[in-house]
Amino acid sequence: MITLDSVSFSYAGAAAPSLRDVSLSFEEGELVLVVGRTGSGKSTLLGTLNGLVPHFTGGHLSGEVRVAGVSTRHRPPRELANLVGVVGQDPLAGFVTDTVEEELAYGMEQLGVAPAVMRRRVEDTLDLLGIADLRRRPLRALSGGQQQRVAIASVLTTHPEVLVLDEPTSALDPTAAEEVLATLARLVHDLGKTIVVAEHRMERVVPFADRIAYVVGDGSVEVGEPAEILRRTPIAPPLVELGRLAGWDPLPLSVRDARRHPPPRFDALPTAPAPKRVDKPSNRGGGGGGGGLTARGVVVRYGARVAVRGVDLALSSGEVTALMGRNGSGKSSLLWALQGSGPRQGGSVDAAGADPRDLSRADARRRVGLVPQSASDLLYLESVAAECVAGDEDAGAATGTCRALLEDLTPGVDDALHPRDLSEGQKLALVLAVQLAAAPAVMLLDEPTRGLDYTGKEVLARMVSRLATDGHAVVVATHDVEFVATVADRVVVMAEGEIVSDGPTADVLTASPAFAPQVAKVLGPPWLTVAQVRDALTSEVSP
Amino acid sequence: MTTLSAYFLPRDLHPAAWWVWALGLATAASRTTNPWLLAVVIAVVCFVVVARRSDAPWAMAFRMYLWLAALVVVLRVGFRIVFGGGEGGTVLVTLPEIPLPAWAAGIRLFGAVSAESLLGGLYDGLRLATMIVCIGGANALANPKRLLAAMPSALYEVGTAVVVALSVFPQLAESVQRVRRARALRGNRAKGRKALRAIVIPVLEDALDRSLQLASSMDSRGYGRAGAATVQERLASGTLMVVGLIGVCVGVYNMLDGTTPRVLAGPALIAGIVVAMVGFTLAGRRVARTRYRPDRWRLAEVVTAFSGIAVAVVLLATSRVDPANLNPSLTTLSWPQLAWAPLCGVLVGLTPAWLTPPPVVGENETPLQETAA
């Protein structure tokens, strides 16, 4: 169905080619999962499949890409629209019309499909993706998951031979991502289309992937059976890491696999992991005195809608608190209210003896810092160095503070780079450094894990632990259970603006299957992370 | 009986039908300054809008047009007071006149205010206000995006561009708000140009990113697939369209201005429409594109459009027979008369309130909160 014949591609002005002599072929009806680090060339590989690379992006492509026997060499993407359907990361950015039904018809209108056929296909596709009840809704009023399902539906109506999805869930929250991935699973089983998907939530796609294409990062691409490729990729879901650790063969690809065939090596595991290191905060470098924050009866409402309903929350320094709960449960509103920038209609917040709402913005951020969901909104200059200098000025800190903090968080970021050219993880580190320059005792992070791959999350986890050992009180609002299992000391779960559960990480996470990390699902509580298992195994061997 | 019930099944009328109706009423309003008639026209438009609008955002904007119309009347009358309303003999009140330097000769500030000049301002303002309300009515009743979609396929590209541009504004407003909040978090106290930059740069980056993504998405979905038109064909259809549209403009202008030769009115309008149609058909023939569920022109649309045209025709006809009644005299003050013929003519404009299918409602509700596992 798809063949790449010694394809090389380099962007104009790039030092090294993004793809180097890639030859592969994907069969009809196959689901291929494309994996690789952020920036390794996954998107480039996917772009070659419908001619966006190089017709839209520019650059030089040699070799031959054929889709269903048609070469992309002399055909721009629009001439391949009947063969390849492409779904991008941000569904809203790709919508042309403004209601669901019109969006579904758009591609067919361009191809000149007969009106009667169009009408029929729209109805069929609405049912196939379970979005018939949304048909007349404005696209902007849909939730993220619904939008992405509409985006998938809108390329399916043209009946393409190949469906290409480039990280369809990276801009979505986990609930929405689940929705989309469930839809994808359904398409694979019901339609048998050839699907090529890049996805960083690998654990959700691996169980039904036929093959994996691993984009190494040096321009080469390795294609093989999932179990075989996953054995050596640097990025892997916790389950695969656990499997590698235990020398499991074949590698378990789903929790079900793992539970059905437990490896003998885990018999040696003790009943519980060693208690977490209790190194008391040294309070070096940390914030201005006392630390911590106490909030009582916080109420946030937008008109008639109550976002936060009288929440009491105490944060102590050196502790990492994870704030969890579905979208719209009031997490962001609570964080903004604690920082003092957001609205707050009732209750009190005490950060080191003062209410941040009553202080000037500059004073408030010396007590409570917040990194918002779209962190890059804070950046507006042309280079990392300029951002750091401006960060020092804004915070009134000594020159070089921000730069030193950045070096501390992620070493080796090039000063001259434009902030837009940084990886998501580095961008986050830069924003964090800018906020930390004001030396707040409390640091709030709103959805920092969104769009990060496993490597990015590891780096973030290190940064967060670092903040805690430095004596900051840290709050991380996130949906990512695995991340919470790694970094958090305490978990607070919110629903409908109220706190529904609050306790140590191990207790809260293992209390319900929805929140249990993969390791807990396989080994049972109180095991949470691969690192715990690794530590336990090594101490077994050498006590 | 079944055909009758099918006729009244809720659906959205072809947007062009509403526009023809509204423009008919506006044309009628342009031919008279009789306050009673104008008030009746406004009442007719309001009644039909209330009876047949949907609950979409554009439908709710009708109130804004009413406010705008009221403002126009107030301004017109206000100007007459400020810039001298001395014409005519019935002076109502004499305000102290502000003496102006010699170079401003001919302009008078305040002074005597006569009833004639006030009435003149009121009639004039009311006429303009009525036309604004008519346009507002069309905007409230017809989905603007469907109107763009109903354009000839030769104008399809333009229509798409307009739709895309329209959807940019709410997005821009959203990003500006987000970035401003983020700036407060950073404690950025810069003012003036620096502050502007801290907002404008992230917002523009966002907008550029989006437009690139949109362009690539449209390209991937087949937008602009090659048509088979030669340069000559394009030139011919383009010229025809432009010439035709000029003819339409000339025709419309002369229709509304009663003083110009009649041969430049109706005939020019019709000729313009024909020429433009030929151009559109020529251009449309090379487009290999189809349309999903186009709005169709059915009996209800015909009824609506004709009721608007009828109002215009009656007023144009009576303006020849009995001009005095349509434009009350300002030299001899008298209570304006209302004749039966134009009144009945205007009331024909009410028919769409009963003789059209009701709009589809209840589909613009707020999104349901997503439920999570």
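Start by selecting Glu79(A), in the loop between β5 and β6 (84-87) of chain A. Helices and strands here are DSSP runs, numbered from the N terminus: helices are H or I of at least four residues, strands are E of at least two. This is a predicted model, where local features need pLDDT of at least 70 and side-chain atom pairs count only at pLDDT 80 or more, while totals for chains, interfaces and linings use all residues. Residues are numbered from 1 along each chain as its sequence is written, and chains are lettered from A and ligands numbered from 1 in the order in which they are written.

**Stop 1: around Glu79(A)**

The rule: buried means 20 or more other C-beta atoms within 10 Å of the residue's own, exposed means 12 or fewer, and partly exposed lies in between, with C-beta atoms placed from the backbone.

**Stop 2: an open sheet**

Select β2, β1, β4 and β5 of chain A. These four strands form an open sheet in that order, with antiparallel pairing. At its edges stand β2 (19-26) and β5 (70-71), each with a single partner strand, so one side of each has no neighbour in the sheet. Strands pair if DSSP finds at least two bridges between them. Strand β1 (residues 2-10) of chain A and β2(A) have five bridges, in the antiparallel sense.

**Stop 3: two domains**

Colour residues 2-230 of chain A as domain 1 and 293-511 as domain 2. These bounds come from an automatic or database domain assignment. The two centres, taken over C-alpha atoms, are 34 Å apart. Nine residues from domain 1 of chain A and nine from domain 2 of chain A make the contact. Two residues are in contact if their C-beta atoms, placed from the backbone, lie within 7 Å. On the domain 1 side, the residues divide into two nonpolar, five polar and two charged. Here Ala, Val, Leu, Ile, Met, Phe, Trp, Tyr, Cys and Pro count as nonpolar, Asp, Glu, Lys and Arg as charged, and the others, Gly among them, as polar.

**Stop 4: Ala307(A)**

Go to strand β12 (residues 305-315) of chain A and pick Ala307(A). This residue counts as buried because it has 22 C-beta neighbours inside 10 Å. Leaving aside neighbours within four places in sequence, its contacts include Tyr302(A), Gly330(A) and Gly497(A).

**Stop 5: strand β17**

Select strand β17 (residues 473-477) of chain A. Five of its five residues are buried, so the strand is largely enclosed by the rest of the structure. In a regular strand the side chains alternate between the two faces of the sheet. On one side of β17(A) are Ala473(A), Val475(A) and Ala477(A); on the other are Val474(A) and Val476(A).

Which strands join it? Strand β13 (residues 320-324) of chain A runs parallel to β17(A), with four bridges. There Thr321(A) stands opposite Val475(A). Strand β16 (residues 442-446) of chain A also runs parallel to β17(A), over five bridges. Look for Asp446(A) opposite Ala477(A).

**Stop 6: where the chains meet**

Show both chains. In chain A, 57 residues are in contact with 45 residues of chain B. On the chain A side, α4(A) gives the most, with eight residues. That side divides into 28 nonpolar, 15 polar and 14 charged residues.

**Stop 7: zoom out**

Chain A has 21 helices and 19 strands. Of its 543 residues, 54% count as buried. Colour by pLDDT, the predictor's confidence in each residue from 0 to 100. Chain A averages 87, and 96% of its residues score at least 70. Over residues 278-289 of chain A, pLDDT stays under 50.

Finish on chain B, with 15 helices and two strands. Of its 373 residues, 33% count as buried. Its C-alpha atoms fill a box of roughly 75 × 70 × 55 Å, taken along the principal axes.
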